[in-house]
Every structure is written in C-alpha cells, then in structure tokens.
Amino acid sequence: MSSVDSKSKIINSQNHGLESTLNIHKDKLAVSAFGFDSSIWDPSQDNFLPENYSVDDMEGKASCKVALQQHVGLSENDSKIVVGCIFSEVLDVDLENLKAIVWNAIGRSVQFIIMGSSHMPNINRVLGSLQEELKDKDIQVVPRHDEALSHLIFAGSDIILCQSFHDPIFQVPLKALKYGAAPIALNSENNRFRHFVDHDFETTKFSRLISSTLGNMSIDEALNEIKNNPSKWKRNIMDGMAMDFSWDAECCDIHVSAYTSIRNL
C-alpha cells in the first residue's frame with residue numbers, strides 16, 4: 001500500500017479491525033512511497049521554465065523567481081520570500097488557516113501566490129473574495145488552474161504550502177522538494193509528522209526526510225529558519241532536491257519487489 005505512515009502506524013491505527021492479522025503477517029506488508037512523473041516534473045528539463053536548473057546548478061531558480069513575480073504582477077525582489085499554494089479544493093478550515101498565515105506574515109518580506117482550480121467554480125469564487133478581503137500588494141490570487149504557471153510556482157517559490165503531506169494524486173510535497181521549495185503544512189495542527197512518524201526503516205524515504213527536516217515546521221518557524229539559519233535551510237533544501245521521489249525510484253522498487261514476492265509464492 002502507498003502511504004506516508006510507517007508500517008507500525010498502519011497496523012496499530014489504520015487496521016480496520018485487522019490488527020491481529022496484520023501483526024501476524026507484518027513481514028508481508030509493503031509500504032510504498034507516492035511518486036510523480038519525472039518526465040514532466042523536473043526543473044532541469046522543464047520546458048515551462050524560463051531557465052532550467054538542478055541541485056548541481058541552482059542559478060536558474062533565481063531567474064524563475066523573478067519570472068514568477070513578473071508573471072503574476074508582484075514586485076521583483078530577490079530578498080522577498082515567495083510562498084506558493086496550489087489548491088485542488090478549498091475547505092473552510094484551509095481558507096481560515098491561509099488567512100491567518102497571510103495576516104501573520106504581513107511586514108515580514110513575504111509574497112504569496114495562490115492558485116485554484118478552474119474545474120471547481122467555488123474555488124474561483126472563494127479565492128477571488130480572499131484577494132478582495134486581504135488587499136495586499138504582496139498577495140496575488142489566480143482563481144483558475146494554469147498548467148504552465150503551476151510549474152513556475154514550484155520553481156519560483158521558496159516555500160510551498162501543502163494542504164496535506166498525504167497527497168497521492170497531486171504529489172505537491174514531492175514536487176516542491178524536487179523544485180527546491182520547502183513543503184510546509186498549511187495547517188500545523190494537522191501536521192501529520194509532528195507526533196507519530198517512526199524514525200526507522202519501516203517508513204518511506206520521503207517520510208524520513210520530511211519528518212527530520214521540514215515536516216515539523218509551521219510557516220512561522222520556516223520563515224524564522226530562512227532568516228536566522230540560512231545555511232541549514234539551504235542544506236535541507238538541497239538534500240530534498242538530491243533525492244528521487246519519482247515513480248521510477250523507491251515507489252517502483254517496492255512495487256516490483258512485492259510483485260516478485262507474490263509470483264514466487
């Protein structure tokens with residue numbers, strides 16, 4: 001099964017009444033990572049970007065940041081921390097958390113770029129009203145999905161707000177890491193990594209990385225880290241970029257191993 005949870009967490013808390021059975025057969029339980037299509041999502045060869053970059057040559061990311069600011073009408077300022085957020089849906093709690101984050105960040109040299117989905121008209125309405133309510137020069141709301149812009153948001157942002165780290169469909173946290181942006185939980189109260197991630201090899205590489213670095217941070221803590229400990233922040237970002245979280249990496253290896261085991265029964 002695909003999950004950000006450890007094997008023990010799945011057996012003990014997500015067993016659906018099968019805890020005793022799962023414990024007996026726990027050696028047969030394989031926990032796979034989520035993944036994304038690296039042929040589409042790779043900053044070193046992404047055709048949507050004005051300049052490509054990689055973990056070995058990060059110069060192009062600065063160009064992407066400027067291009068993103070220009071595209072959405074924000075002031076071009078490399079010293080600004082750019083926070084991107086791409087919604088697939090907008091829940092009331094997400095909206096309230098987002099408002100609180102934006103209000104708390106005013107005056108801290110932070111720019112926000114928030115994009116919704118054209119497939120869900122209510123998102124357009126909600127995000128449009130949010131733009132009117134906040135009326136801040138460092139906030140731009142795009143109430144529709146734009147594929148090219150979504151790539152630029154990942155590339156030009158320093159932080160990507162994530163509605164969930166458990167994201168099997170859009171893989172926002174994984175893409176953020178690949179593009180050198182920090183995935184930070186939109187709702188710190190629901191931060192899945194604050195309380196239970198086991199620091200062992202029953203978890204996926206993504207879970208171990210994020211739980212030991214960025215997964216425990218609120219947006220306020222992340223902004224403070226960028227300002228007060230930039231070398232550690234950069235190291236965490238580079239470590240994330242250097243790892244392969246695509247479908248072709250850990251996800252593929254675990255599925256192939258599980259399939260091979262079943263065939264050999």
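How exposed is Asp220, by relative accessible area? Asp220 comes out as partly exposed, at 31%. Keep in mind as you read that this is a predicted model. Here are my notes.

1. Asp220 has a charged partner: it forms a salt bridge with Arg108, with the closest N and O atoms 3.2 Å apart. This pair ties together distant parts of the chain, since Arg108 sits in the loop between H4 and S2 while Asp220 is in helix H9, 112 residues apart. Arg108 is partly exposed too, with a relative accessible area of 30%.

2. While you're at H9 (residues 219-228), have a look at what it hides: Ile219, Ala222, Leu223, Glu225 and Ile226 are its buried residues. They line one face of the helix, because seen down the axis they fall within an arc of 160 degrees. Lys227 and Asn228 are exposed, on the face turned away from that buried side. The cover over the buried residues includes strand S1 (81-86), helix H4 (92-105) and helix H10 (230-242).

3. Next, the core. The largest nonpolar core has 66 residues, and Ile159, Leu161, Ile184, Leu214 and Trp233 touch the most other members. Nonpolar side chains tend to be buried together in soluble globular proteins.

4. Salt bridges number four in this model. One of them joins Asp138 and Lys80, with the closest N and O atoms 3.0 Å apart. Asp138 is buried at 10% relative accessibility, and Lys80 is buried at 15%.

5. Glu96 and Lys99 make another salt bridge, at 3.7 Å between the closest N and O atoms. Both are in helix H4, three residues apart, about one turn. Glu96 is partly exposed at 47%, whereas Lys99 is buried at 14%.

6. Don't skip Gln111 in strand S2 (residues 110-115). It is buried, with a relative accessible area of 0%. Its side chain makes a polar contact of 2.8 Å with that of Gln69. Its other contacts include Lys80 and Asp138, the salt-bridge pair from point 4.

7. Cys85 is buried at 2%, and Cys162 is buried at 3%.

Definitions and conventions: Residues are numbered from 1 along each chain as its sequence is written. This is a predicted model: local features need pLDDT of at least 70, side-chain atom pairs count only at pLDDT 80 or more; totals for chains, interfaces and linings use all residues. Side-chain values use heavy atoms; hydrogens and water are left out. Helices (H or I, at least four residues) and strands (E, at least two) are DSSP runs, numbered from the N terminus. Buried means under 20% relative accessible area, exposed over 50%, partly exposed in between (1.4 Å probe, protein chains only). A polar contact is a pair of N or O atoms within 3.5 Å; within protein, one must be able to donate a hydrogen and the other to accept it, and residues adjacent in sequence count only if both atoms are side-chain atoms. Contact means heavy atoms within 4.5 Å. The arc is that of the directions from the helix axis to the C-beta atoms. A nonpolar core is a set of buried Ala, Val, Leu, Ile, Met, Phe, Trp, Tyr and Cys residues joined through side-chain atoms within 4.5 Å. A salt bridge is a side-chain nitrogen of Lys or Arg within 4 Å of a carboxyl oxygen of Asp or Glu. Lists of a residue's contacts leave out its neighbours within four places in sequence.
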